[in-house]
Amino acid sequence: CSEETAHPVILNEEGSYIVTFDPLDGSSIVDANFAVGSIFGIWPKIDLIGASCREMIGACLAVYGTKSCALVYDSEKDQVDELTYRRIKGEKKWVITEENMKIKDDGATFAPGNLSVVKELPGYKHAIDWFIENGYKLRYSGGMAPD
């Protein structure tokens, strides 16, 4: 399944997994030379309609820019690790640069995305107003992955 296709593509009828992805998140901002990314979710072979993200068995958020990195969720370790693409002694490779990452309890920025729906969803506008009124800084490049 992909944001880019209307219907799932079955690669293996006997397969045990479903992979959902956005192959180039932020494609509309490539010409501005902003960072872009890819988003992947790995699921057991289940009906995804109504499924919870907690049912995922793996996930990856990759960002390509001046620093190319990937945040990888491992369900066996129940943790997220950051991998960064680096050149080490002339060899390019992915290196774990931070293990067991956690989202901080508080932050200073927010990136709501899809601001055009505030007209139709008053609750969404209320949430955005709350962040602004409470001193959060708006950050939105046009790509969910890099933000």
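Biologist: Let's start with Asp78: is it buried or exposed?

Modeller: Keep in mind that this is a predicted model. Asp78 sits in the loop between β4 and β5. Its relative accessible area is 52%, and the cut-off for exposed is over 50%, so Asp78 counts as exposed.

Biologist: And what is the phi of Asp78 near?

Modeller: The hairpin of β4 and β5 has four residues between the strands, and Asp78 belongs to that hairpin. Asp78 is a residue other than glycine, yet its phi is positive, near 50 degrees.

Biologist: How many bridges hold β4 and β5 together?

Modeller: The two strands pair in the antiparallel sense. Within that pairing, Ala70 has Leu83 of β5 as its bridge partner. The count for β4 and β5 is six bridges.

Biologist: Moving along, which residue in the hairpin of β5 and β6 takes a positive phi?

Modeller: β5 and β6 run antiparallel, joined by eight bridges, and Glu82 stands opposite Glu98 in β6. The hairpin has two residues between the strands. With a phi near 50 degrees, the residue you want is Lys89.

Biologist: On to the rings. Is the aromatic pair of Tyr85 and Trp94 stacked or tilted?

Modeller: The structure holds six aromatic pairs. Among them is a stacked one, Phe21 with Phe40, at 6.0 Å centre to centre and 25 degrees between the planes. That pair links distant parts of the chain, with Phe21 in strand β1 and Phe40 in strand β2, 19 residues apart. For Tyr85 and Trp94 the centres are 5.1 Å apart and the planes make 50 degrees, which makes the pair tilted.

Biologist: Which residues do ring pairs link into a cluster?

Modeller: Two of the cluster's members, Trp130 and Phe131, have numbers that fall in helix α1, residues 122-133.

Biologist: While we're at α1, how far does the helix reach from its first C-alpha to its last?

Modeller: α1 has twelve residues, and at 1.5 Å a residue the expected span is 16 Å. Just after the helix, Gly135 takes a positive phi of about 85 degrees. The reach of α1 itself is close to expectation, at 16 Å.

Biologist: Last topic, the largest pocket. How many of its lining residues are nonpolar?

Modeller: The largest pocket has a volume of about 1300 Å³ and is lined by 31 residues, with Leu61, Leu71, Met101, Ile103 and Asp147 nearest its centre. Strands β3, β4, β5, β6 and β7 each supply at least two residues of the lining. Four lining residues are polar and eight are charged, while the nonpolar ones number 19.

How values were computed: Residues are numbered from 1 along each chain as its sequence is written. This is a predicted model: local features need pLDDT of at least 70, side-chain atom pairs count only at pLDDT 80 or more; totals for chains, interfaces and linings use all residues. Side-chain values use heavy atoms; hydrogens and water are left out. On a 1 Å grid over the protein atoms alone, a cavity is a set of points where a 1.4 Å probe fits but cannot get out, and a pocket is an open set with protein on both sides within 12 Å along at least five of seven lines; lining residues have an atom within 4 Å of a point. Grid points are joined across faces, edges and corners, and a volume is the space filled by probe spheres set on the points. Ala, Val, Leu, Ile, Met, Phe, Trp, Tyr, Cys and Pro count as nonpolar, Asp, Glu, Lys and Arg as charged, and the others, Gly among them, as polar. Two strands pair if DSSP finds at least two bridges between them. The expected span of a helix is 1.5 Å times one less than its number of residues. Rings of Phe, Tyr and Trp (its six-membered ring) pair if their centres lie within 6.5 Å; planes under 30 degrees apart count as stacked, over 60 as edge-to-face and the rest as tilted. Buried means under 20% relative accessible area, exposed over 50%, partly exposed in between (1.4 Å probe, protein chains only).
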